[in-house]
Amino acid sequence: MTINRLRVLIAEDEAVISMSIAAIIKRLGHHVIGKAKDGREAVRMARELEPDIILMDIKMPDIDGLEAAKEILSIKQIPIIILTAYSQPELIEKADSAGISYYLVKPVTEKDLMPGIRLAVSRFKELQALQKEVGNLKEALRARKLIEQAKGLIMEREGITETEAFKRIQRQSRDSNIPMAKIAESIIIASRILK
């Protein structure tokens, strides 16, 4: 997803405002791929059209923008900017807890949207990178725990040192081209079966 040309979905129930936002989006060099008139349609269009970013009103028929945003974010992670006439602290708090990337109060101008889009996309990319890093760290910790447990089982069963047990797991991993964590997991499963 580049900031140069984004595929934008607009969710706004007032046609005049929707057209105005679409015109701004086009002037900024982005492509409007759809205009939803209510929250339910926004969810459907987000699924079908796979936008890069969504600009969404809060107060809309059927389901409101925050509920629609939660539903969309449960399906696919995507930056969502709220465009609303309401600036009550409780709405901003709800938007934050829903995973909204940016919040703008109407009337929205080109000068508002340009940095809003840029920051929403930038923050979204940062969040994705952090989530990936956390996932990698969790996987590394899980692998380490499995390898430690497997080493202990081999040491107990074979009466060898920790270093030699580690080398056996490492050698099996290399020879079979299977990650050490998978080898360790197999050793743990086999030890449970053999008990």
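A crossing of two helices is left-handed if the near helix is turned anticlockwise from the far one by less than a right angle, and right-handed if clockwise. Keep that in mind for this tour of a predicted model, where local features need pLDDT of at least 70, side-chain atom pairs count only at pLDDT 80 or more, and totals for chains, interfaces and linings use all residues. Residues are numbered from 1 along each chain as its sequence is written, and side-chain values use heavy atoms, leaving out hydrogens and water.

First, select residues 110–158, helix α5, and residues 162–176, helix α6; helices here are DSSP runs of H or I, at least four residues, numbered from the N terminus. Their axes (lines fitted to C-alpha atoms over the stretch in contact, with angles from 0 to 180 degrees between N-to-C directions) come within 9 Å and cross at roughly 115 degrees. That makes α5 roughly perpendicular to α6 (65 to 115 degrees), and the crossing is right-handed.

Now show the side chains at this contact (heavy atoms within 4.5 Å): I147, I154 and M155 are among the α5 residues there, and F166 and I169 among those of α6.

Next, select α2 (residues 39–49) and α3 (residues 65–75), which pack at about 20 degrees with axes 9 Å apart. α2 is therefore roughly parallel to α3 (under 35 degrees), and this crossing is also right-handed. On α2, look for V43 and R47, among others; on α3, I72 and I75 are included in the contact.

Last stop: pick K59 and Y86. The charged end of K59 sits over the Y86 ring, 5.2 Å from its centre (the criterion is NZ of Lys or CZ of Arg within 6 Å of the ring centre and within 35 degrees of the ring normal).

Technical notes. Helices (H or I, at least four residues) and strands (E, at least two) are DSSP runs, numbered from the N terminus. Angles under 35 degrees count as roughly parallel, over 145 as roughly antiparallel, 65 to 115 as roughly perpendicular and the rest as oblique.
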